[in-house]
Amino acid sequence: MEQDEVPGQGKRSPQRMIKLYSTVFAVAAAALLFYLLLYDLPPPAGKLPDVPQQSRTQPEPEAVAPSPVPGQEAPPVSAAAPAEESLVETPAPESVTPARAALLIVIDPGHQRKGNNEPEPVGPDSRATKPKVTSGTVGVHTRKPEYVLNLEVSELLKEQLIRQGYEVRMTRDSHDVDISNKERAKMANEAGAALSIRIHADGDASPKTKGFSVLYPSASVASARPIAESSKAAAAAILNGLKEVTGSTGRGLSERSDLSGFNWSEVPVVLVELGFMTNPEEDALLSDPDYQNKLASGIVKGIMQYVEAGEL
Ligand SMILES: [Zn+2]
């Protein structure tokens, strides 16, 4: 066999060929590997910005956190995106209208326990005076003072408005205050109210007179002119809201030039007369919690209608 090997040496060339081929193959493979490595390696240097972009669609936080590009907005985007979605889903349609949340409604529950008969000018341009604030009318059936009823309905109105996303402030939440009508108007002015709602109840010599009405300032008064048009639009919307919820037509709108609370106002203002406390049936109805809630919801409907009409 050894001998055979000798002659076998005569077949050197095929062995060399195999060796040669395998060398060439190994070199080629190495070159290919090197090329591939070379091709892949430069990207990390040149394509760094792309790397986070690609990984942005996938795992993300870890991929971007160590990223050498701190200015990239990728982390906030990926971190905020899911949070924003859940925020939109959770608080429901109401809070989707952020404009409404910024609107401030001032509620002025009319009167107070002790009236103040000191005179004050009816308006900035007027020499005429009126008592600062009176204690209002009284229920012929309930014997309830008007200032009590006004605050009851105002509290319900406040709750309902807050539920709709409005900011609400009250001129009073107690009966034991001394705030004149001029001062109440100034409170709404200083607060920058989008709308001021004065809540009152009516009285009349005839026990038959009944029904709600909505008052607004007259453009014939110079100081009220800038707010007359928007106030009238709010009054009309609120009257509609009250009609809708009560099914009653009420007594309509009333333009007034004689109210201190209107003439001192620099913000749109309306006064809702809820009904007549001098009418026994209506007086009883006005103290019914269901009816009070109904009246409040009618006023809210009107405010929303006014806001959506773009008056604010
Ligand atoms: Zn009143």
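Two residues are in contact here if their C-beta atoms, placed from the backbone, lie within 7 Å. Helices (H or I, at least four residues) and strands (E, at least two) are DSSP runs, numbered from the N terminus. The model is predicted: local features need pLDDT of at least 70, side-chain atom pairs count only at pLDDT 80 or more, and totals for chains, interfaces and linings use all residues. Residue numbers start from 1 along each chain as its sequence is written.

Six strands form an open, mixed sheet in the order E4-E1-E5-E8-E6-E7. Strands E4 (167–170) and E7 (253–256) stand at the edges, each with a single partner strand, so one side of each has no neighbour in the sheet. Pairing takes at least two DSSP bridges between two strands. E6 (residues 213–217) and E8 (residues 269–276) pair in the antiparallel sense over three bridges.

Now the helices. Axes are lines fitted to C-alpha atoms, for helices over the stretch in contact, and angles run from 0 to 180 degrees between N-to-C directions. Helix H8 (residues 146–163) lies across E1 (104–109), E4, E5 (195–202) and E8, at about 145° to E5. Helix H10 (residues 225–246) lies across E5, E6, E7 and E8, at about 170° to E6.

H10 also meets helix H13 (residues 289–308): their axes come within 7 Å and cross at roughly 140°. Residues in this contact include Ala233, Ala237 and Leu242 in H10, and Leu295, Gly298 and Ile303 in H13. By class, the contact has 11 nonpolar (Ala, Val, Leu, Ile, Met, Phe, Trp, Tyr, Cys and Pro), three charged (Asp, Glu, Lys and Arg) and seven polar residues (the others, Gly among them).
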